[in-house]
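This report describes the protein chain shown below.

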Amino acid sequence: LGYLGGMGGVASAARKLIALQARQAELAVLRDRRAAAEKALETAREKARLSDAASEAYVASVRAQMDDVERVREQVDRAVDDHIAAVERRLDEELMAAATKRQDDAPTGRAR
């Protein structure tokens, strides 16, 4: 009878061992899932950092283009102002020349 009682203890210990091994396998699966989730999270964070950097680079590029457009607009404004000033000077010169010619062509007022 003692031998049969000992066998019951062995069977119980075997069941506990099997249950423990099953639990360890479940824990290993959970650890693997956690590691995969942490890796996916880190990958997502890295993608977000790269996306932020790309966004910042794009914004900087757009700002640089806007600055270039503003410089060109200022150059065009100066060129237009310079052209208008040159045309005004030329008109003034032509008006002065026409006025001088009229004075030269006008009768002197002397007796005929």
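What does the accessible surface of the protein chain come to, and what percentage of it belongs to carbon and sulfur atoms? In this predicted model, the accessible surface is about 10200 Å², and carbon and sulfur atoms account for 60% of that area.

**Overall architecture**

The protein chain contains one helix and zero strands. Helix 1 covers residues 2-105, and the chain has 112 residues in total. Of these residues, 0% count as buried. Because burial requires a relative accessible area under 20% and exposure requires a value over 50%, residues in between are described as partly exposed. Several of the side chains discussed below belong to that intermediate class, among them R71 at 45% and E70 at 32%.

**Salt bridges**

Across the whole structure, a search finds six salt bridges.

| Pair | N to O distance |
|---|---|
| R71 and D68 | 2.2 Å |
| R73 and E70 | 2.5 Å |
| R73 and D77 | 2.5 Å |

The pair R71 and D68 lies within helix 1, where the two residues are three positions apart, about one turn of the helix. R71 counts as partly exposed because its relative accessibility is 45%. D68 is likewise classed as partly exposed, since its relative accessibility is 38%.

R73 takes part in two of the listed contacts, one with E70 and another with D77. R73 and E70 are both in helix 1 and are three residues apart, which corresponds to about one turn. R73 and D77 are separated by about one helical turn because they are four residues apart in helix 1. As for accessibility, R73 has a relative accessible area of 41% and is therefore partly exposed.

Elsewhere in the chain, E42, E46 and R49 are joined in a network of salt bridges.

**Surface patches**

Which residues make the nonpolar surface patch of about 310 Å²? The patch is formed by V72, V76, V80 and I84. One of these, V80, is located in helix 1. With a relative accessibility of 41%, V80 counts as partly exposed.

Which residues gather in a patch of negative charge on the surface? This patch brings together E88, D92, E93 and E94. E88 is part of helix 1. Why does E88 count as partly exposed? The reason is its relative accessibility of 47%, since the partly exposed class lies between the buried limit of 20% and the exposed limit of 50%.

**Summary**

The predicted model shows a chain with one helix and zero strands, in which 0% of the residues count as buried. V80 contributes to the nonpolar patch, whereas E88 belongs to the patch of negative charge.

Conventions:
Residues numbered from 1 in each chain as written. Predicted model: local features only at pLDDT ≥ 70, side-chain atom pairs only at ≥ 80, totals over all residues. Heavy atoms only, no water. Buried < 20%, exposed > 50% of the residue type's maximum accessible area, 1.4 Å probe, protein only. Areas by Shrake-Rupley, 256 points an atom, 1.4 Å probe, with all protein chains shown as cover. Patch = residues over 30% accessible without salt bridge, like charges linked within 9 Å, V, L, I, M, F, W, Y side chains within 5 Å. Salt bridge = Lys/Arg side-chain N within 4 Å of Asp/Glu carboxyl O. Lys, Arg positive; Asp, Glu negative; His and termini not counted. Charge placed at Lys NZ, Arg CZ, Asp CG, Glu CD.
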